[in-house]
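Please find below a short briefing for a reader new to this structure.

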Amino acid sequence: MMFLDGRRQQVPVVMALILELAFCQRAPMSPPVETTPLLPYVESPPSLHTRTPIPTESFIQPILLFQWGFQDHPLHVVWSPRRPWLALASSNRLYVYHFPSLRLLAFFAVEGRLQEMIFTADGETLIGRLEDGTLKAWEIPSRRERWSRSDMPGLGLAVAPSARLLAAGHEDGPIWLLDPMTGWVIRELPGRVPLRFSPDGTLLAACASPEWLDPLRIRCSPEEDLLLVDVASGQVRSRIASVVPPIWTPDGHRVIVGRADGTVLERELSSGAETILWQHPGTLIRSVRLSPDQRWLAVQHGGSVDIVARATGEVRWSAAGGPAAFSPDGSILAWAKGTPSTLSLLDLRTGEEHPLPSGAIEARWPLELIFSPDGQWLAFHGEAETDQVSIAPIVQIWEVATGLERYRFLPRLIPVWDLAFSPDGRILGVPEGSVVWLYDLRTGRPRWRIPLRIADGLSLAFSADDRWLAVGLAGGHIRLYQHAPGGGWILDRTLIGHEGPVRGMAFSPDRRLLASASWDRTVRIWDVEHGMERIRLEGHTAEVWDVAFSPDGQILVSGGNDGMLRLWWETAGGGRSLVLTNYTARIYRVAFSPDGRWLAAALEDGTVRLWDAAAGYELRVLVVGTKPVRALEFSPNGRLLAAGDAEGQLVLWEIPEGVERLRWTREKDALYSLAFSSGGPEDPHPSSPLLALGFRSGIVQVWRIQGQE
């Protein structure tokens, strides 16, 4: 989640989180085999800086086949009822912050979008439901998932004041009553969507035929569709016509409801007597709020909000806008006034209205206002128009005492840190935060979805036989998935050892070994079959970004922040290394050509250094631009080298001549990753491979590269 304070300054909360949180497991390996290096070091001839003009007769024509995009949106915000905590759900993450320090208390990676969430009455357990119908409970103090069940498609969550009951709606009905500590089913209740428990928890208000006004507001059908259900017996005590969730009075003897005919009334449950509190015939009532001191009603209807004295039914204040919320002590009403909306505080004791100094609401579609339990903070959740065709949720938070906006949560770009084609070229692996998508390139649609649960995926690698898929995580460990016989991928084991983010990985050509590069300054080689660390290679003095095996599997090359281009080989006593050179700029990517003749390194200074692997010297310097080169790979036939930089430039050179064959730019969008498909035996265009590009903005593109021969 991109995070800004009231002065719109970026605070790297998520980056700090990625580097802090690590949840690990472990894994073993066979004796090393002594080999000799492929690349003897010799005195290098002068490097050739190359930026050759593109010959007019040798243009490469890229054809865009597919494009996808990913962003992380702030979807829901909930205050804990008893703790100074704010829970924020985004597309694939769940954050819990302490207020006012904004210290991150807990973080959970989830397997999909959260549709809804709610704290239990004790304020320490958070319940959420994902789009796929999975219901989960997270215990905030211990930072652990308490329970999960996958059989709960539907909408609607309500917790009883005693904290011992959770009502969850089911799309097919009935409502399930669960133990919030275990997730066990206690009993079933009539209805489809639970709304609110009575103050003593003996009754539950529920909808039998719900309709959704927007992502956060529900209405029951205009007929007498709101059910008051006895929790102990499951019997319907009464039916009430109301298009909004009812409001219980503190004694639980009466409910306030809003009807489809534009009437707000109070109903005595024992006698059925009704008193009209507000009436506006023909108006659609969107919400009704009761102040904690029970003196005032806030009725949102159409595009306006009316503040009504409950005792007399007199409308004391009215204005266009909405929504509105009462402070916990009932002395202040916060409302979003006008179009475009501005946030204003109304003192209900004096009648004075105080527009907030920084009360501009950035959302075009306001959804809700929520006071913190102590009344010191006010959170606003809405949807802003990002361009002419799309909208994105945002969250703004004001300090009530000063009226200043202090924090803002905006959609966060999810950079595409890595891309990987399956060996047959049919599947493209794309990490999207804490999920890996595997796209079928015949249809352009996702074929499999792999939830990572505990951290973001930063690197991907398929084994040459398509048996293994390795995912390197921000938390430092590696998830190793095995291709299931019937399709899909099954988690086989987790490789534990790295103490920093895993930024690069490569399988050996014989598929037996996996090499990994980490920000813990080490390179590690793993025995894939046994899941064990075979060799730990130490020598880099700073973070390591990437590794690559030579085609015969005898040599490993690595590069990182220290600018060292290192060669590694295995010996009987472990691993040995040779520093080919020590550049003054960090190395982001390294790659061998498919025939092993050439070695390339992508540098922070905007260049790619091409080495003659047989002779062991730097052949030429290929210039991309002035910004860091973050992406690098050879084409399957080794004739092209592709590189991308932080300005969004893609350059393709003919190798080894260094002739520039293509230069293309996606402006102001850094190119972080790229991958060539090997084509496979069934590729109808073997001489025109696919090139996948991954950008900082979360955009992924797949191009067909024509005219390379």
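Strand β9 (residues 114-119) is largely enclosed by the rest of the structure, because five of its six residues are buried (under 20% relative accessible area, with a 1.4 Å probe and protein chains only). This is a predicted model, in which local features need pLDDT of at least 70, side-chain atom pairs count only at pLDDT 80 or more, and totals for chains, interfaces and linings use all residues. Residues are numbered from 1 along each chain as its sequence is written, and side-chain values use heavy atoms, with hydrogens and water left out.

- β9 runs antiparallel to strand β10 (residues 125-130), and five bridges join the two; strands are DSSP runs (E, at least two residues) numbered from the N terminus.
- Leu 114 has Leu 130 of β10 opposite it.
- Five residues lie between β9 and β10 in their hairpin, and Gly 123 in the turn has a positive phi of about 75°.

**Ala 334**

- Ala 334 belongs to strand β31 (residues 332-337).
- Ala 334 counts as buried because its relative accessibility is 0%.
- In space, Ala 334 and Ala 324 are 5.5 Å apart, C-alpha to C-alpha, while in sequence they are 10 residues apart.

**Second largest pocket**

- The volume of the second largest pocket is about 1,200 Å³.
- Of the 42 residues lining this pocket, Phe 462, Ala 506, Phe 507, Glu 633 and Phe 676 are the closest to its centre.
- β47 gives the largest share of the lining of the second largest pocket, five residues.

Key:
On a 1 Å grid over the protein atoms alone, a cavity is a set of points where a 1.4 Å probe fits but cannot get out, and a pocket is an open set with protein on both sides within 12 Å along at least five of seven lines; lining residues have an atom within 4 Å of a point. Grid points are joined across faces, edges and corners, and a volume is the space filled by probe spheres set on the points. Helices (H or I, at least four residues) and strands (E, at least two) are DSSP runs, numbered from the N terminus. Buried means under 20% relative accessible area, exposed over 50%, partly exposed in between (1.4 Å probe, protein chains only). Two strands pair if DSSP finds at least two bridges between them.
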